[in-house]
Amino acid sequence: MILNNLTMAGTDDPVGIRIINDKITSVLPDAIIDTSDPLTLNFENALVFPGLINSHDHLDFNLYPQLGQRTYGNYAEWGRHIHKNYKPEIAAVLKVPPVLRYQWGVFKNLLCGVTTVINHGKLSGLKDDLITIFEDMQTLHSVGFESAWRFKLNNPLNAKLPVCIHVGEGDDWRSFNEIDQLTRWNLLGRPLIGIHAVAMSEKQAKKFKALVWCPESNYFLLDKTAAVNILKKNAEILFGTDSTLTSHWDIWEHLRIARQTRLLDDEALYYTLNQNPARTWALNSGSIEPGKDADIVVAQTKKGMRDYHAFFSLQPTDLLLVIHRGNIRLFDETVAAQLRTVDPDNFSRIYINGACKYVQGNLPGLMAQILEFYPRANFPVTAVDVK
């Protein structure tokens, strides 16, 4: 596959990209590098960047509406409140079989250009058919909610796995103290990846390999977010969406909120989606260079937009092409005429805010199945053909 006439996100450098099988084999500083490949795609005013890495999602929680109606002191207070006041809403979603909820969580990410998602919670049981579902870690919910967390943290059978855990999700002493409890009991010195870290201090951050910043979820629950401008001195900063229980389905909305905080500059925020998580999770992706997995997104740029402004102004309607491990997973209708070697029967036609996209798999069929169990499901896409 050849991708011609692209602009690299952040640098505005013109590039052409060659992909063979599941790897990027060449990236040349020319707009057009070749036209001989049977699958050669030519673009105009198009931005290219590595497939996004979402470092925190609960894939099976993305059918929920946002639950909660005030500012909370910490995650435990929020949890008690929603389980007391939103029992019907929670029960309605739980009627949907878990496998269908997980599958929708995958599509939610793919529609935004996410090619790798770190799933927090029970193993999904899904294959990496559409995007990479990273679960090669031990997930603990939190010091407050995870039963026998000390034993699980220090189980020698899991000693080589990183530990991914919600920490500092609050604006109170309890949330701060839970971080110290966790690090004191990390007797095996396991690599810790902390989620949220709103209550975390610069000193506490030294005990963590990485921290996942989820600003929209933080503002919804706590009206406050992590001081990543300080925490970044001692830990790698990654980016996560959390689930629709506390945030918008669209990661680009999260990124705009993050950018408005000015806690990270544009380049640093950009790297929380690719290079930083690729290092943390030991992935062969996160950058567009020879030898890397071909996880690539191409998007239409808006007139007059340059450098990182062009990237952070994107939304799902702008995505022209999503490639995962060398395979096209999503494409815009404007690209369809060039995809002569792609079998259209493997894709479903959908609309996102009026923009026609083709996504691999039977998304309309999945939506129909979910609606049988949960008629109030609110999807951000419109399906045309139910297979």
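With which residue does Lys108 form a salt bridge? The partner is Asp57, and the closest N and O atoms of the two are 2.8 Å apart; a salt bridge here is a side-chain nitrogen of Lys or Arg within 4 Å of a carboxyl oxygen of Asp or Glu. The pair links distant parts of the chain, since Lys108 lies in helix H3 and Asp57 in strand E6, 51 residues apart. Lys108 is buried, with a relative accessible area of 2%, and Asp57 is likewise buried, at 0%, where buried means under 20% relative accessible area, exposed over 50%, and partly exposed in between (1.4 Å probe, protein chains only).

The model is a predicted one, in which local features need pLDDT of at least 70 and side-chain atom pairs count only at pLDDT 80 or more, while totals for chains, interfaces and linings use all residues. Residues are numbered from 1 along each chain as its sequence is written, and side-chain values use heavy atoms, with hydrogens and water left out.

Strand E6 belongs to an open sheet of 3 strands, with the order E6-E7-E8 and parallel pairing; helices (H or I, at least four residues) and strands (E, at least two) are DSSP runs numbered from the N terminus, and two strands pair if DSSP finds at least two bridges between them. E6 (52–57) and E8 (132–134) stand at the edges with a single partner strand each, so one side of each is left without a neighbour in the sheet. Strand E7 (residues 114–119) pairs with E8 over 3 bridges, and Ile118 has Phe134 in E8 as its bridge partner. Helix H3 (residues 98–110) packs on this sheet and touches E6, E7 and E8, contact meaning heavy atoms within 4.5 Å.

Asp60 sits in the loop between E6 and helix H1 (75–85), 41 residues from Arg101 in H3, and both residues are buried.

Within helix H5 (residues 173–184), Arg174 and Glu178 lie 4 residues apart, about one turn of the helix, and their side chains meet in a salt bridge (3.2 Å, N to O). Arg174 is partly exposed, with a relative accessible area of 31%, whereas Glu178 counts as buried at 7%. Elsewhere, salt bridges that share partners join Asp22, Lys23 and Asp293 into one network, and the count of salt bridges comes to 14.

Definitions and conventions. Axes are lines fitted to C-alpha atoms, for helices over the stretch in contact, and angles run from 0 to 180 degrees between N-to-C directions.
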